[in-house]
Amino acid sequence: MVLASVGKMVGLQKKASGIRNICILAHVDHGKTTLADCLISSNGIISSRLAGKLRYLDSREDEQVRGITMKSSAISLHFVKGDQEYLINLIDSPGHVDFSSEVSTAVRLCDGCIIVVDAVEGVCPQTQAVLRQAWLENIRPVLVINKIDRLIVELKLTPQEAYLHLKNILEQINAVTGTLFTSKVLEERAEKETESESVSDASPGDQIYDWSTGLEDTDDSHLYFSPEHGNVVFASAIDGWGFGIEHFAKLYSQKIGIKPAVLLKTLWGDYYLNTKAKKIMKGDQSKGKKPLFVQLVLDNIWSLYEAVMKRDKEKIEKIVTSLGLRIGARESRHADPKVQLNAICSQWLPISDAVLSMVCNKIPSPLDITAERVEKLMCVGARTFDSLPPETRELKSAFMKCSSEETAPVIVFVSKMFPVDAKALPQNKPRPLTQEEIAHRRELAKRRHAEKLAASQGKELSEKPPSENSPEVSGSAGDTKGEEQQLTGQEDSMTSKAGKQEADNKEHFIAFARVFSGVVKRGQKIFVLGAKYDPAESLHKLSSQCSATDDLPAVPHMTCCTLENLYLLMGRELEDLEEVPAGNVLGIGGLQDFVLKSATLSTSPACPPFTPLNFEATPIVRVAVEPKHPSDMPQLVRGMKLLNQADPCVQVLIQETGEHVLVTAGEVHLQRCLDDLKERFAKVQISVSAPIIPFRETITRPPKVDMVNEEIGKQQKVAVIHQTKEDQNKIPEGIQVDSDGLVTMNTPNKQATLSVRAIPLPEEVTRLLEENSDLIRTMEQLNTSLNEDKKTHEINQKTLDRIKEFKQKLEKNLQGRKWRNAVDQIWSFGPRKCGPNILLHNFGGYKRSVWQCLGNSVKEVGKYRDFDNSIVSGFQLATLSGPMCEEPLMGVCFTVEKWEISKAGDMLSNSRQDSGELDATEHQQNEDNTPASSCTDEGPSANEHQDRNQSVTDSPEKMSKHKGESVLADCYGPFSGQLIATMKEACRYALQAKPQRLMAAMYTCEIMATAEVLGRVYAVLSKREGRVLQEEMKEGTDVFIIKAVLPVAESFGFADEIRKRTSGLASPQLVFSHWEIISSDPFWVPTTEEEYLHFGEKADSENQARKYMNAVRKRKGLYVEEKIVEHAEKQRTLSRNK
């Protein structure tokens, strides 16, 4: 029976001090959903016997089949502790790495989290990831060490060994927390130092031993998990028991007569009980004594397990009576000892009491939200809290108070949208009938029955002559009227049914949200703020007092909407609510047209959008999707839109080729998205392409040794070298390529010449550019606004500091003769102006760079000014699709070493300027007098000046010049377009002049396997081009942890293959890690005698890079150089067949 009604929950929602918002986080299969079941069963929502078997919060069919959680789902529980009542909003989250985005959505809405760790497996990769996510969101963690029964039943450890094992696990978890804390303190200290600028003159030698000063002063004792602090529970969720040491401290304080406070401190640690003196002494190991924890706690649990497993009835009865428990006859006679164990343990040490009381004691209520967390949530991007408008900063107090007064501004954060079947909505649920309704229906049924009888009698009478019974005839006429009414009623009900079915088919989206301030009411009008909304800009247009009900001017990234329905989330059920006060988690209906994935809702336009969610997994697996029947295309497009809204991590793209592409986090995630698309959102048959694997193209330094490790140039080249001939054929006429790779090209109209060289970037620089892509994007926006002379709002000092630091790092990594002054000459980054490739200008007379935002902006004048954007655009196009297989470039630096524009080209730029206003031209003349001499061609620039003077005065000449330009433009297209094309081609040829390589996306792969299947795991890894980085044995177990890297291209079906080969004993976790150069040259052919001997004349052993390259070219419809056998018949020799 359900213990708490909805009315009770609504009452508890109003008391913020008694609310606890928590989520359960862990590695996959560590027992989150089983623990959630145990907590739910304490409220009577499910039977305690089914806890762990039902997995109540896994409501999807595929979750039940696979046995893993795939989405975060919430439920509200009622907990009574002493005279205090608590409302616990519990969110269960997935542990599989593919669904880590769901963890991010859950963590944002909570104030604390329960970290669950398997007692056998210990800290796993995903445990570290979730601890990091909890840390980034500033929420308080508590720890549950689960599956302790496995130490007894599977590993058969003694209590002493189990104690050491548990101690080891605690140390590992605290080590992870310690690392996060250390990095944070050091970061803060570094920031303080940069602010004070006190160490500017100090030599680096003075600071060697000073790195830990911040750590010594900062108190970090509250961060760590320790049983005596009360933030650790030891449990076995499947057997229904769990305890914190305070339970045993109370118990034994009465028996032994030692104060509970003393026992609390000594129950965990190197203490033992001196039975003679009845004192607790330190140093158990040195004296060979049992630690208190083993003696008083673990020994009892071990002996209980032993008694039940061995079916020792006398001992069981003795234990049950001594503990004062009552066990039903059904449980005691049951064939499975686990049932009996569960019955005893769940009464003796109920897990729900232990976990929920720890949650209520240790996790803060919504009232105790920290100022640091509030500021972090309110500051988007690089903005600091102090730079926000004053009206926005005032909202901080509303956050901190978490007040539910009528005057408080409403602030709600929606972390995700989740789809719900129309049948599951409370308004569509069948409800029990009241007594009046039953009576009314009975009356209707009686009347209908009477009418039917009357109708049948009327028919009998109508067969007789009508003269005898005229009154009955009139009666029968009345009956037919009744029948007609009945028919029309049936028709109405049919149409309403059809309408209902349509409504049922429509997906309803509910927003998964939390109220941070104010009271949310049904039917309330509220602002929806997008991620790019800026309160500073909108407050100029709107007053801070305006509300969503007013008629307001349009503001970018802000809309108004009405909250149609509010729901209490109860796992698989939803309950209607009228209003929800601050501090609660809720579902909001009616936002699906206003919110895509996440948003901030507020009644105040001064509210900033919250910082975006931190997603651990990067979507990398792409597939193209199309319907089996082309007529179903509109349904597929609609379905993909719905899927995009329903999943926080999936990306839906339409490529230039017109393909509809799904980008997902991994194979399991992909499978779930496709199933949803087929069965739920699009409801059409779809065909799915093979995964589209991303590659990058790059260049390397020329290799020192050839394919047989002989030094290049030392050995004799025997064969006729096809390669060099081919290279010469590749390059068309009119393009000069120097021996060191400098490519010189003219535009089609021969008016401009470009010389471009490609150089590989050092790895550190490529990594730096990748990590700072957001910062580069910010720089680009700042530069654009400076160029357009827009008065931008004051550039944030913190951002400028970050840009300076980025520049210093680049200078540090780009050292040496060939990189001299390179950082100041950076013209652009690419592709899309924020990628990991660089364009440098290394010719005279041009000064523009990407560092304009640092204050050294130069107004570019002269002949280059009009066309420099064309060069940058050509570079962007070249880096977006490389020559090997049209994939983006990575880690390449292009240097423009010469750019000459001849006299006619100058005329073009002049006539461009002449089309402007006259005064602008005169102003330009005065400016142009000085830099004319610094240009590479002094003659033309002087002529250009005269020409311009004439053109100002002489309009007929001006006309003729325009004609001249149009003639040039007609023949080859606009001059700027020619420059773009020439620059793109020059970059491509410069790239081909160097040794080209493909870069593959790599996964890091962590596999836990036992010793007997280790060989098979290695076999699967080596078959799929994997590389093992390290293998270590877990202490106290026979499990090995293998860390490897694996190309994404080879990862499809990898998890299934490993499970099959190892009979399910090993399961991998794949996370996207980095890009890696494939060492083999895709264009390699044998040229020396040794290579011929080793590889044969055709060298047709499979070249990995070539295989990948050709696969991509085939997919994109590009030319692939391969021999295709068209008529495969038996070879006929000249000799006669015998």
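Student: How does the lining of the second largest cavity divide by class?
Tutor: Into six nonpolar residues, one polar and one charged. Here Ala, Val, Leu, Ile, Met, Phe, Trp, Tyr, Cys and Pro count as nonpolar, Asp, Glu, Lys and Arg as charged, and the others, Gly among them, as polar. One caveat: this is a predicted model, where local features need pLDDT of at least 70 and side-chain atom pairs count only at pLDDT 80 or more, while totals for chains, interfaces and linings use all residues. Residues are numbered from 1 along each chain as its sequence is written, and side-chain values use heavy atoms, leaving out hydrogens and water.

Student: Which residues line that second largest cavity?
Tutor: Val97, Asp98, Ala617, Thr618, Ala665, Leu1070, Val1071 and Phe1072. A cavity is a set of points, on a 1 Å grid over the protein atoms alone, where a 1.4 Å probe fits but cannot get out, and lining residues have an atom within 4 Å of a point.

Student: How much space is in there?
Tutor: About 50 Å³. Volume here is the space filled by probe spheres set on the grid points, which are joined across faces, edges and corners.

Student: And what's the volume of the largest cavity?
Tutor: About 60 Å³. Its lining has two nonpolar, four polar and three charged residues, with His165, Lys1034 and Glu1035 among them. The whole structure has four cavities of 30 Å³ or more.

Student: Switching to Val1048. Where is it, and is it buried or exposed?
Tutor: Val1048 is in the loop between strand E33 (1039-1047) and helix H34 (1054-1061). Val1048 is buried, at 1% relative accessibility. Buried means under 20% relative accessible area, exposed over 50%, and partly exposed in between, with a 1.4 Å probe and protein chains only. The helices (H or I, at least four residues) and strands (E, at least two) are DSSP runs numbered from the N terminus.

Student: What does Val1048 touch?
Tutor: Ile620, Ala1001, Met1002 and Tyr1003, not counting residues up to four places away in sequence. Contact means heavy atoms within 4.5 Å. Val1048 and Tyr1003 are 45 residues apart in sequence, yet 6.0 Å apart in space, C-alpha to C-alpha.

Student: And H34, which of its residues are buried?
Tutor: Phe1054, Ala1055, Glu1057 and Ile1058. Down the axis of H34 they fall within an arc of 165°, so they line one face of the helix. That arc is taken from the directions from the helix axis to the C-beta atoms. What covers these residues includes helix H22 (667-681), E31, helix H33 (1014-1023), E33 and strand E34 (1067-1077).

Student: What about E31, where does Thr1010 come in?
Tutor: Thr1010 lies in E31, which runs over residues 996-1010. Thr1010 is buried, with a relative accessible area of 13%, and touches Asp1038, Val1039, Phe1040 and Leu1065, again leaving out residues up to four places away in sequence.

Student: Last one, H9. Which residues there are buried?
Tutor: Ile245, Phe248, Ala249, Tyr252, Ser253 and Ile256. They cover an arc of only 135° around the axis, which puts them on the same side of H9. Lys250 and Gln254, on the other side, are exposed.

Student: What do the buried ones pack against?
Tutor: Their partners include strand E6 (232-236), helix H11 (292-309) and helix H14 (337-348). Just after H9, Gly257 takes a positive phi of about 85°.

Terms used:
1 Å grid on protein atoms, 1.4 Å probe; cavity = no way out; pocket = protein on both sides within 12 Å on 5 of 7 lines; lining within 4 Å.
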